Amino acid sequence: MNLDALRKERAASKEWKNIAPMVEKVAALPSIEAKLVEGDAVTLVSDATLDEATVAQIRQSAWALRPWRKGPFDLFGLYIDAEWRSNLKYDLIKNHVDLRDKVVADIGCNNGYYMFRMLSQSPRKLVGFDPSAHTKVQFDFINHFVRSNIVYELLGVEHFEHYEHKFDVAFCLGVIYHRSDPIAMLKSIRNGLNAGGTLILDTFFIDSDADIALTPKMRYAKIPNIYFVPTPSALINWCERAGFVDIEEIGRTTTTLEEQRKTDWIIGESLETFLDPLDKTKTVEGYPAPQRIYIKARRA
Ligand SMILES: C[S@@+](CC[C@H](N)C(=O)[O-])C[C@H]1O[C@@H](n2cnc3c(N)ncnc32)[C@H](O)[C@@H]1O
């Protein structure tokens, strides 16, 4: 597979009508000496006092990059209250794998929220995979100030196994239910890991002991591209078929309004209108309401 040809093709997305004005905003950002500090938000501080015009420019640029799905971010006091409090997911996974000196991938990395949080664990290399031109601009916006050496690839999980090098750890969070062939996706991740490498994955699941997966008719919680929502045992079967071993459940959550909700930083609806107003245990389509399962697995 010629990844460079694909990279070149996908880089052209920065010229798109909706993306080009965002790219211009990022290119015009001022240079600021900034420091990343630990917190629920990806937080940037500066020893310099920013003048009013600079603060306004950063705010207007961030606003032009809406919707912000993953976050939060705090840029010199500007709080980007994203739709998701991604810190809750990060808190659940962060202690399950040591990233120090590891070559790490975040597949479906969105705007890079988790990767910015992972920097504090000193990985050797961090690569984000996400084909979304919009979330790449958000990443570039934050990284303009962070100045990290994180690599953001406009590539998908399907390219992971063809990457120029292998990885010690792969995170694949909230992606598998968007794939029409989840076992092929898991095989691609397995093949892209070093022997003994670790996968951390989460997905929607349905609560049953049966080895089955829900196949939503058209939408699940109003999300159009959800193909399979497995039971925990079906998920484990998929991982085994893809060649993973030592598959361990590390958590389960029900998505609440504390974690996902409408804020000023998104456009359109959020969880409030995705659930049945009379029965919050169901989606508006009548399926079980979103619950997530987190697993850790190893490439033999
Ligand atoms: C539901 S979001 C999950 C974001 C984040 N990983 C999280 O768990 O909070 C799904 C992400 O997968 C990305 N995505 C879409 N197609 C993909 C693909 N083929 N490979 C990898 N990521 C993809 C989307 O752009 C989006 O950022």
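Me: Which strands does helix α8 lie across?
Reply: Helices (H or I, at least four residues) and strands (E, at least two) are DSSP runs, numbered from the N terminus. Contact requires C-beta atoms, placed from the backbone, within 7 Å. Axes are lines fitted to C-alpha atoms, for helices over the stretch in contact, and angles run from 0 to 180 degrees between N-to-C directions. Here, helix α8 (residues 232-241) lies across β11 (193-204), β14 and β17 (291-299), and runs at about 150° to β14. This is a predicted model, in which local features need pLDDT of at least 70 and side-chain atom pairs count only at pLDDT 80 or more, while totals for chains, interfaces and linings use all residues. Residues are numbered from 1 along each chain as its sequence is written.

Me: In what order do the 7 strands of the open sheet stand?
Reply: Strands of a sheet pair through backbone hydrogen bonds, either parallel or antiparallel. Two strands count as paired if DSSP finds at least two bridges between them. In this sheet the order is β9-β8-β7-β10-β11-β17-β14, with mixed pairing. β9 (151-153) and β14 (244-254) are at the edges with a single partner strand each, so one side of each has no neighbour in the sheet. From one strand to the next, the twist averages 15°.

Me: In which sense do β7 and β8 pair, parallel or antiparallel?
Reply: Strand β7 (residues 103-107) and strand β8 (residues 125-129) pair in the parallel sense over 5 bridges. V104 has L126 in β8 as its bridge partner.

Me: What is the strand order in the open sheet of 4 strands?
Reply: The order is β1-β2-β4-β5, and the pairing is mixed. Its edge strands, β1 (35-37) and β5 (78-80), each pair on one side only. β1 pairs with strand β2 (residues 42-45) in the antiparallel sense over 3 bridges, and V37 stands opposite T43 in β2. Helix α6 (residues 133-146) lies across β1, β2 and β4 (73-75), at about 40° to β2.

Me: Which residues touch the most other members of the largest nonpolar core?
Reply: In soluble globular proteins, nonpolar side chains tend to be buried together. A nonpolar core is a set of buried Ala, Val, Leu, Ile, Met, Phe, Trp, Tyr and Cys residues joined through C-beta atoms within 7 Å; buried means that 20 or more other C-beta atoms lie within 10 Å of the residue's own. Of the 72 residues in this core, A105, I107, A170, C172, I189 and L199 touch the most other members. Strand β10 (residues 167-173) supplies the largest share, 6 residues. Leaving aside residues up to four places away in sequence, A105 touches V127, F129, F160, F167, A170 and F171.

Key:
Two residues are in contact if their C-beta atoms, placed from the backbone, lie within 7 Å. A residue is buried if 20 or more other C-beta atoms lie within 10 Å of its own, exposed if 12 or fewer, and partly exposed in between; C-beta atoms are placed from the backbone.
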